[in-house]
There are 2 protein chains.
Amino acid sequence: MKTDAYLVREGKKLSLKDYTTDGTKGVSKEEAEVYKPQLQLHLFKLQERLHAEEQQSLLVVLQTRDAGGKDGTIKHVFTGLNPQGVNVTGFKEPTPLELSHDFLWRVHAHTPAAGMIGVFNRSYYEDVLVTRVHGEIDKQETQRRYEEIRAFELSLQNRGTRILKFHLNISKDEQKRRFQDRLDDPEKHWKFSPNDLKERALWDEYTKAYEKTLSATSTATAPWYVIPADHKWFRNDLIMRILLETLNDMNPQFPKADFDPSTIVIE
Amino acid sequence: MKTDAYLVREGKKLSLKDYTTDGTKGVSKEEAEVYKPQLQLHLFKLQERLHAEEQQSLLVVLQTRDAGGKDGTIKHVFTGLNPQGVNVTGFKEPTPLELSHDFLWRVHAHTPAAGMIGVFNRSYYEDVLVTRVHGEIDKQETQRRYEEIRAFELSLQNRGTRILKFHLNISKDEQKRRFQDRLDDPEKHWKFSPNDLKERALWDEYTKAYEKTLSATSTATAPWYVIPADHKWFRNDLIMRILLETLNDMNPQFPKADFDPSTIVIE
């Protein structure tokens, strides 16, 4: 499967209506299920090398609307990796301490160390999305933050961190179905907040904010992907394939011994 | 299986020679393999509730000698849990900054938040084991640290953290086999350090330090288990069963809604 169909090219002015929310690229759910264990095993093996090598790291940024599938993606894509090499950080409303710093301060503390895969469940991109939609920052400040984000990501990359950014692209109807599902199932009530409906009313404003943000911050080396996310199984399959391509390209190696193993005698 | 046969009773003066390294309690490797997916599924489901509930947390401390199986335990027992709810922290030689603080400072920063399972790959127990064996602290300081550890663990428990401490108990022969295996397989060279042999030469000193430490710090609510760890599959099986018992006992629940779902209409 060619994954770069979902990539946002650097400098491209993106319109979300050009991206499908329910496409499945001719893949069936059954096929995806057959391939999943193989994909997981490949990812596990590459992660093992990445962790042993301890030279490079991978940062995965997950952004989407409410009920867009961040938690589900983490559950399905990253369960099966060795948690010793994965660090998931969720970013909620900033605390007073966090707000007393620049917006990258709290995320910087959680970027992946060499050998690690870091997953951001929401991220510093909230600071140009939710804040912009709610009028907390103006156009000029938004532009300034885009620049700061590009510089920040470049700084991570210079140290050996690869960055993948996924916008999980769901339709307004699919969000409605998922909200309703959360309301109908007592075990899912805790996932719903009446406040989610206020954000849903701002659907078009968020669309515009995502379009501007993705256009301004997708670079050749820290690209955004717009993932069709109405079908959870396709979303998972596609993200696993992109992770696999990326880790293959990073090509981590087990470290060589700095001693001669043949000379060692164990008493 | 009764797991409390492996528990160190509070106040008991423990002798490691009373604990098997290669026992398998009449369980066969084949049986353990059959039950593994079921155990994993149960753990996954309980972890999901723990994370949703966000009231309690679980801290798992792994200690053992070199090649004792800490990494392997994490790989086999915790792969399959949702990494969003698991936080693994490895403690290596303290940095100068860490050494400028008390020995609990660096670990406190990594204790599990409500809803999380925290796994310590080595821990603050190194500060009464390796330091004591190498004569960096005297008997009096060791006793003081035992008291500090008990108070620290009590403080975590008062906030809703359950603590499980596993000493992976391997034989000297098994350690030799594992070292040799690391020397023979180029993909495992990085796991071996010639320094490991110096620590191996202190086998009996470590035995004594473990015995004193486990005797002094196993409490009814933060118990040590001595896990027979020569057979990796039995070690994994036993630890999974103890985790399952503990999580069942913690009995986490999905939070109830603080709104009336039936009144909500999604536009």
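Trainee: How far does helix α1 of chain A reach from its first C-alpha to its last?

Mentor: This is a predicted model, where local features need pLDDT of at least 70, side-chain atom pairs count only at pLDDT 80 or more, and totals for chains, interfaces and linings use all residues. Residues are numbered from 1 along each chain as written, chains are lettered from A in the order written, and side-chain values use heavy atoms, without hydrogens and water. Helix α1 covers residues 29–53, 25 residues in total.

Trainee: Where does α1(A) bend?

Mentor: The bend is the angle between axes fitted to the seven residues ending at a residue and the seven starting there. Here that angle is about 40°. A proline, A:P37, follows within four residues of the bend, which sits at A:Y35.

Trainee: Which residue of chain B forms a salt bridge with A:E48?

Mentor: A salt bridge puts a side-chain nitrogen of Lys or Arg within 4 Å of a carboxyl oxygen of Asp or Glu. Six of them link chain B and chain A. For A:E48, the closest N and O atoms are 2.6 Å apart, and the partner is B:K75.

Terms used
Helices (H or I, at least four residues) and strands (E, at least two) are DSSP runs, numbered from the N terminus. The expected span of a helix is 1.5 Å times one less than its number of residues.
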